[in-house]
Amino acid sequence: MGARDYDWAMLEVVADDTPDVEDNAGVSVLLARRHRYTSTVSFFRCWSPAPVPLAKLVWVVCCRWKIEEDFQTAKTTTGLDKGRVTTWTSWHRCSSRTGRLRLPRRHRRPRT
């Protein structure tokens with residue numbers, strides 16, 4: 001995954017109109033990540049039913065990096081990152097054409 005040189009901070013987020021009554025609605029936090037060298041800041045809004053330590057939230061975000069990298073690799077490999085596919089219909093049309101092109105001629109349906 002590569003080196004991750006970031007500083008992390010966590011801030012509990014409470015809506016202004018939240019009643020003072022404890023109703024176990026969960027905990028909402030804003031997780032901030034700042035790159036140590038470029039000072040680029042990214043934010044993640046997190047929610048959990050119970051309080052979670054900062055280290056656990058950072059672990060979840062790091063797992064998400066791997067998933068996003070896998071998605072990007074898959075899109076690049078299949079050619080879906082070129083902007084041709086923006087809806088289900090266009091994706092289905094594109095994948096049907098590619099599948100049809102890979103079939104040997106004897107397995108193709110005749111055109112009518």
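## Nonpolar core

A nonpolar core is a set of buried Ala, Val, Leu, Ile, Met, Phe, Trp, Tyr and Cys residues joined through side-chain atoms within 4.5 Å. Here, buried means under 20% relative accessible area, exposed means over 50%, and partly exposed lies in between, with a 1.4 Å probe and protein chains only. In this structure, the largest nonpolar core has 7 residues: V27, V29, L31, F44, C46, L57 and V61. Two or more residues of this core come from each of β2, β3 and α1 (54-78). The most is given by β2, with 3 residues. Of the 112 residues of the chain, 16% count as buried.

## Basis of the model

The model is predicted: local features need pLDDT of at least 70, side-chain atom pairs count only at pLDDT 80 or more, and totals for chains, interfaces and linings use all residues. Residues are numbered from 1 along each chain as its sequence is written, and side-chain values use heavy atoms, with hydrogens and water left out.

## Helices and strands

The chain contains 2 helices and 3 strands, in the pattern β-β-β-α-α along the sequence. These elements are DSSP runs numbered from the N terminus: helices are H or I, at least four residues, and strands are E, at least two.

The 3 strands form an open sheet in the order β1-β2-β3, with antiparallel pairing; two strands pair if DSSP finds at least two bridges between them. Both β1 (6-12) and β3 (41-48) stand at the edges with a single partner strand each, so one side of each has no neighbour in the sheet. On average, neighbouring strands of this sheet are turned by 20° against each other, direction ignored, with axes fitted as lines to C-alpha atoms. Strand β2 (residues 27-35) is joined to β3 by 8 bridges. The bridge partner of R34 in β3 is V41.

## Aromatic rings

The whole structure has 2 aromatic pairs. Rings of Phe, Tyr and Trp (its six-membered ring) pair if their centres lie within 6.5 Å; planes under 30 degrees apart count as stacked, over 60 as edge-to-face and the rest as tilted. Ring pairs link Y6, W8 and F44 into a cluster.

R33 lies over the face of Y6, at 4.5 Å from the ring centre. For such a placement, NZ of Lys or CZ of Arg must be within 6 Å of the ring centre and within 35 degrees of the ring normal.

## Cysteines

The structure holds 0 disulfides, a disulfide being a pair of cysteine sulfur atoms within 2.5 Å. The sulfur of C62 is 7.2 Å from the closest cysteine sulfur, in C63, which is too far for a bond. C62 counts as partly exposed, at 22% relative accessibility, whereas C46 is buried, with a relative accessible area of 14%.

Key: Axes are lines fitted to C-alpha atoms, for helices over the stretch in contact, and angles run from 0 to 180 degrees between N-to-C directions.
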